[in-house]
Structures are given as C-alpha cells and as structure tokens.
Amino acid sequence: MRWWPVFLRNWLVWKKLAIPSLVGNIAEPLMWLVAFGYGMGALVGQISVDGVPVPYILFLASGSICMSAMNAASFEALYSAFSRMHVQKTWDGIMNAPVTLDDIVLAEMLWAAFKSLFTVTAILGVMLGLGISHSPKLLVAWPVLLGVGITFSCVALIFNALAKGYDFFTYYFTLFLTPMMFLSGIFFPLEQLPSVVRMVSDWLPLTNAVALVRPLFMDQWPAQWLRPLAVLATYAVVGFWVALALTRKRFRG
C-alpha cells in the first residue's frame, strides 16, 4: 500500500483544479455527441446492432463514452505524469521517502484510471439527463469503464517512460489513438470496414471496450464478454509490465 500516499497526493493537488479539469475533459466528448448524435443522427435515423435497431445517438453515446475514458486516462498518464516525473521532478522528491519507483508507477496508473472515472461519471450524468439511455445495466458499465481507464493508462505509461519531451506524445495520439477511434465502431458499425481492417480492429482495446459497454446502454448483456475482457486485461497487464521495465531503465540511466 505504499502507492496510496502518492495517489492521495495527486488527489489533493487535483482538487484545487477539479472544476476546470472536469469541464475540459467532458466538453469535447459532449460536443461530439451533440454535433454527430443530434446532427448526423437526424439524417441517419437508426442503426442495426446485432439485428436490433437503435437510435444513432444511442449508438454514438455508447461508443463515445469509451473514447472519453481512453482520452482522460491517456492525457493524465502522459502529460500530467510526465510533468511530475521529468519537469517538476516530483517523483525524485517522493523517492526520498520510503517509497519505491514501482510504487509511484502503480499510483500514477491507478490515479489516471480513477480520474478517467470522474470524467465518464460526469458524461453519464449528462447522458441520463438527455434521456439517451435509462438502462439499469449502466451501473455495470461504470466498473467496466474503470477497467478501460486502467488499460489505457497502462499503455500510456509506456510512452511516458520513453518521452524526452511533450512533443513525443503527438506520435501516440496521431498514430495510435486517433486511428483507433475510427476503427473501433464508435461512429459507424464495424461491418462497414473491409475484412482485413476488421481483423485488426477486433484486437484493438477500444473495440473490445465498446463491445462490452454498448449492449449495456441497450439494456442487454454482452453476448460475448469473455474475449473482450481478456483482451483488455492482456493490454493492461503487458502494458504495465513494459511501462514499469522502461521506467526503471530510464531512472537507472
């Protein structure tokens, strides 16, 4: 539990800027939701999901909330963690206490995931207020989205360990996150993709997150839940192990 004081330190600092931080994290996904959900949704009408017709705004909302969890966790595990590690030298100061580097990396991972949970909770509240979905199964979506945050914070910490400056993160967003947003069934059904692209998409973490969350928005249980859960868990475990190894190497250097 030596990670807990580090986690608590991040929480106490974040509380001072909680409102601007939440507004910044929820503004973009809500703009996507309003612009595409109500704008394009009026043109598209309904979309078939496993043979069940659903309004486009519900289709978009169930995918965009996974995207929000991904982005919130990634930003925190990249820009904020890098500031504490490299710019402010906060990690060096913490390691003067009886806290190891491994404890700090674990705390940063959990904090990024926990912060993403704040973001998706706020967005879920707005979606409930708009009447997009009132499924009681959204209570199950909440811990699933926490798991999504954990997965993407683990992957992001790999790039945090490799970065020499903030500009390095552009590669991660441009070459990994942005293409994944368009290949994971958020804006249109995966059936529209070519078969080769679909094969790649099936193994992306965001695709599997959407596969777990979207049925819950539709008041259904995921027909296939074990494989998506295993894919997310694999990304999380392997990502954290690699991030830990690279961070140790960086501090030894």
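Helix axes are lines fitted to C-alpha atoms over the stretch in contact, with angles taken between N-to-C directions. In this predicted model, the axes of helix α3 (residues 56-87) and helix α6 (residues 138-162) come within 8 Å and cross at roughly 40°. A search of the whole structure also finds seven salt bridges.

**Packing of α3 and α6**

- The crossing of these two helices, α3 and α6, is right-handed.
- By class, their contact comprises 16 nonpolar and four polar residues, with no charged residues.
- On the α3 side the contact residues include I65, M70, L78, F82 and M85, while those on the α6 side include L145, V148, F152, L157 and F159.

- D103 and R2 form a salt bridge with an N to O distance of 3.3 Å. Because D103 belongs to helix α5 (residues 101-130) and R2 to the segment before α1 (4-15), the pair ties together parts 101 residues apart in sequence. D103 is buried at 11% relative accessible area, whereas R2 is partly exposed at 46%.
- R248 and D102 form another salt bridge, their closest N and O atoms being 2.5 Å apart. R248 lies in helix α10 (residues 226-252) and D102 in helix α5, so this pair connects parts 146 residues apart in sequence. Both count as partly exposed, R248 at 35% and D102 at 26%.
- The side chains of D219 and K137 meet in a salt bridge at 3.1 Å, N to O. D219 sits in the loop between α9 (205-217) and α10, and K137 in the loop between α5 and α6, 82 residues apart. D219 is partly exposed at 38%, but K137 is buried at 16%.

Terms used
Residues numbered from 1 in each chain as written. Predicted model: local features only at pLDDT ≥ 70, side-chain atom pairs only at ≥ 80, totals over all residues. Heavy atoms only, no water. Axes fitted to C-alpha atoms, helices over the stretch in contact; angles between N-to-C directions. Helix = DSSP H or I, 4+ residues; strand = E, 2+ residues; numbered from the N terminus. Left-handed = near helix turned anticlockwise from the far one by under 90°. Contact = heavy atoms within 4.5 Å. Nonpolar A, V, L, I, M, F, W, Y, C, P; charged D, E, K, R; others polar. Salt bridge = Lys/Arg side-chain N within 4 Å of Asp/Glu carboxyl O. Buried < 20%, exposed > 50% of the residue type's maximum accessible area, 1.4 Å probe, protein only.
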